[in-house]
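Here is a walk through one protein model. Keep the sequence beside the 3D view and follow along.

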Amino acid sequence: MNLGLPILAFDCVYNRATTEDKALYWKTSDDIVRVIIEEKAFSKEKARFEEVSRAMKEAGKRLYSWKTIAELYNNLY
């Protein structure tokens, strides 16, 4: 996420929660192929990938930085 790349994640509650419901989700291998082909074929889909990339980078920095993780652990004790 911190690299600012689009995330393609299996569609389950955990993945939707950890990506703030902003990644690209798939359930079957056909879904993954469709997403990749659309990204390469249509500029509209490229814009969607860029939007997902920005959202993932922002969420990664906010939710999964060492500082945030350390603070959450410290708050447990």
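**From the surface to the core**

Tyr73, Leu76 and Tyr77 form a nonpolar patch on the surface. Together they show about 480 Å² of accessible area. Bear in mind that this is a predicted model. Tyr77 sits in the segment after α4, the helix of residues 66-76. Its relative accessible area is 83%. Exposed means over 50%, so Tyr77 counts as exposed.

The largest nonpolar core has 8 residues. They are Ala9, Ala23, Leu24, Tyr25, Val35, Phe49, Val52 and Met56. Two elements, β2 (24-26) and α3 (43-63), each supply at least two residues of this core. Helix α3 gives the most, with 3 residues.

Take Ala9 from that list. Leaving aside residues up to four places away in sequence, Ala9 touches Asn15, Leu24, Tyr25 and Trp26.

Next, find Thr19. This residue lies in the loop between α1 (13-18) and β2. Is Thr19 buried or exposed? Its relative accessible area is 5%. The limit for buried is under 20%, so Thr19 is buried. Its contacts, again not counting residues up to four places away in sequence, are Met1, Ile7, Tyr25 and Met56.

Aromatic rings come next. A pair of aromatic rings is described by the distance of the centres and the angle of the planes. The structure holds 1 aromatic pair. Its partners are Phe10 and Trp26, with ring centres 5.2 Å apart and planes at 75°. Angles over 60 degrees count as edge-to-face, so this pair is edge-to-face. Phe10 lies in strand β1 (residues 8-10) and Trp26 in strand β2, so the pair ties together parts that are 16 residues apart in sequence. How accessible are the two partners? Phe10 is partly exposed, with a relative accessible area of 39%. Trp26 is partly exposed as well, at 23%. Recall that Trp26 is also one of the residues that Ala9 touches.

Finally, go back to α3. Glu58 has its place in this helix. With 39% relative accessibility, Glu58 counts as partly exposed.

Methods. Residues numbered from 1 in each chain as written. Predicted model: local features only at pLDDT ≥ 70, side-chain atom pairs only at ≥ 80, totals over all residues. Heavy atoms only, no water. Core = buried A, V, L, I, M, F, W, Y, C linked by side-chain atoms within 4.5 Å. Buried < 20%, exposed > 50% of the residue type's maximum accessible area, 1.4 Å probe, protein only. Helix = DSSP H or I, 4+ residues; strand = E, 2+ residues; numbered from the N terminus. Contact = heavy atoms within 4.5 Å. Patch = residues over 30% accessible without salt bridge, like charges linked within 9 Å, V, L, I, M, F, W, Y side chains within 5 Å. Areas by Shrake-Rupley, 256 points an atom, 1.4 Å probe, with all protein chains shown as cover. Salt bridge = Lys/Arg side-chain N within 4 Å of Asp/Glu carboxyl O. Phe/Tyr/Trp six-rings, centres within 6.5 Å; stacked < 30°, edge-to-face > 60°.
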